[in-house]
Amino acid sequence: MSLEQQIEAILFWKAEPLSVKKLAEVCGRNEGEIQDTIIKLEQNLMSTGVRLLRKNDEVLLGAAPEASELIEKLTREELSRDLGKAGLETLSIVLYQGPITRAGIDYIRGVNSSFILRHLQIRDLVEKIIDPSDARRFLYRPTFNLLQHLGVTKVEDLPEYGTLEAELQKLSESKLQANS
Amino acid sequence: MSEQFIAKVGEFAGPIEVLLRLIEEKKLHISQVSLASVADDFISYLQKLNNQGEASVNDELACCNSNKAEIANFILVASTLMLIKSLALLPTLEVTTEEKEGIEDLERRLRLYQRMKDLSVHIKERFGRQIIFTRELSREITPVFAPTAEITPAGIWQAIKNLITNFPQPEKIPEVIIKKVISLEEVITNLTNRVQSALQMSFKQFVGNQKEKVNIIVSFLGMLELVKRGIISVEQQNHFEDIHMETGGIDTPRY
């Protein structure tokens, strides 16, 4: 059985996000190999009804977004699609500039975001992690559930995702120029 | 500016959003020039917001109470706008490095907010349209009873005793009765009324029985404010003597 097939089988059975590290452990390979194979698997699945989702070194299998309408007929769950203005603003910031602190979000929005962040966490659209560079701070980032609701398999697939970073670089560079 | 701009309950607009709306309503780009031109509009919006906030003090809606705290965020932005407008009117005005950075920071925040607003359209378009569904976990777990060694009657009793000793004690928070202090507005109205009815009065007469230094100072400030507004004129013959106040014809403006 190829490594690619192994990974596919495991992800299918688990039905939950798995880290690259864990996959490497289970399959007895190094992380680099797993990463490369994942990319191949992702490509090969594009022609099937199943997709590979990727986020922060974890992977997950899901149904193709094109099947959304079909599956909705089967699921009895109430699907809420409402995002108030505050929710939309905050999610956009977390998606395009995540991981980001609450202070960072407040800076952009100009209002206090604790309430909306708590709400988005309850809806499993945003998750809170400890800042790896400063254990006193929390960072907010998107969840797999958010990616699923947007029908994208990874954040990078969002339109204009790459350009924002370049713009932010320019903005901070212009500040440096003005001060020199 | 339309009234419905303010009135939407639960969708409170912060200072950056308001500022951007003002600029875009005038079909301008973000620059110091456009910021200077919307400064007055921003201030009047803030005043309306403040009045609305005071009026709803008895309101049960939680959002209105938090609005009052949010209004503080507006003040920093308002002061930066005033600085920008002053610079526009007096280009030779000297600005400190901090003030310069404050102005640049406001411009940057606006640009950033505008960019995020543009990007949020992508999110709005996609959210909930084509959802990627994952498999539902339906693995059944058969429960197994596996107690550890410390779960004995004695062990449980000890645990309960420990829990009770470690109950958090209710904190005794010291309370202070807040004394009522005269507000500046009350003093000004008071003074205006009294001076209008009696054409002249001395400051000592006005202060009357009040002993508290705070209240004397507030009264003095009230008197100065009336002088500034041209409602009264004052005179003091010598240092530390009583101050003589009189109305100089209440309706004639003073320049």
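This is a predicted model: local features need pLDDT of at least 70, side-chain atom pairs count only at pLDDT 80 or more; totals for chains, interfaces and linings use all residues.
Helix α5(A) packs on α5 of chain B, residues 97-126, at about 95°. The two helices are therefore roughly perpendicular to each other. Their axes lie 9 Å apart.

Which residues meet at this crossing of α5(A) and α5(B)? From α5(A) come A:L88, A:E89, A:L91, A:S92, A:I93, A:L95 and A:Y96. From α5(B) come B:M116, B:L119, B:S120, B:I123 and B:K124. Sorted by class, this contact holds eight nonpolar residues, two polar and two charged.

Now step back to the whole interface. On it, 41 residues of chain A are in contact with 32 residues of chain B. Several elements of chain A each supply at least two residues to the side that touches chain B. Two are strands, β2 (50-55) and β3 (58-63). The others are the helices α4 (68-74), α5 (85-97), α6 (102-109), α8 (144-150) and α9 (161-179). Helix α5(A) gives the most, with eight residues. The side of chain A that touches chain B divides into 22 nonpolar, nine polar and ten charged residues.

Next, α6(A). Its buried residues include A:I105, A:I108 and A:R109. How do they sit around the helix? Viewed down the axis of α6(A), the buried residues fall within an arc of 90°, so they line one face of the helix. Helix geometry gives the background: an α-helix has 3.6 residues a turn, so residues three or four places apart point the same way. The buried residues of α6(A) pack against α5 of chain A. They also pack against two helices of chain B, α2 (15-25) and α5. After α6(A) comes A:G110, with a positive phi near 80°.

Finally, chain A as a whole. Its secondary structure comes to nine helices and five strands. From the N terminus on, the order is α-β-α-α-β-β-α-α-α-α-β-β-α-α. Chain A has 180 residues, and 28% of them are buried. What share of its contacts between residues at least 6 apart in sequence join residues at least 24 apart? The share is 47%.

Key
Residues are numbered from 1 along each chain as its sequence is written. Chains are lettered from A and ligands numbered from 1 in the order in which they are written. Two residues are in contact if their C-beta atoms, placed from the backbone, lie within 7 Å. Helices (H or I, at least four residues) and strands (E, at least two) are DSSP runs, numbered from the N terminus. Ala, Val, Leu, Ile, Met, Phe, Trp, Tyr, Cys and Pro count as nonpolar, Asp, Glu, Lys and Arg as charged, and the others, Gly among them, as polar. Axes are lines fitted to C-alpha atoms, for helices over the stretch in contact, and angles run from 0 to 180 degrees between N-to-C directions. Angles under 35 degrees count as roughly parallel, over 145 as roughly antiparallel, 65 to 115 as roughly perpendicular and the rest as oblique. A residue is buried if 20 or more other C-beta atoms lie within 10 Å of its own, exposed if 12 or fewer, and partly exposed in between; C-beta atoms are placed from the backbone. The arc is that of the directions from the helix axis to the C-beta atoms.
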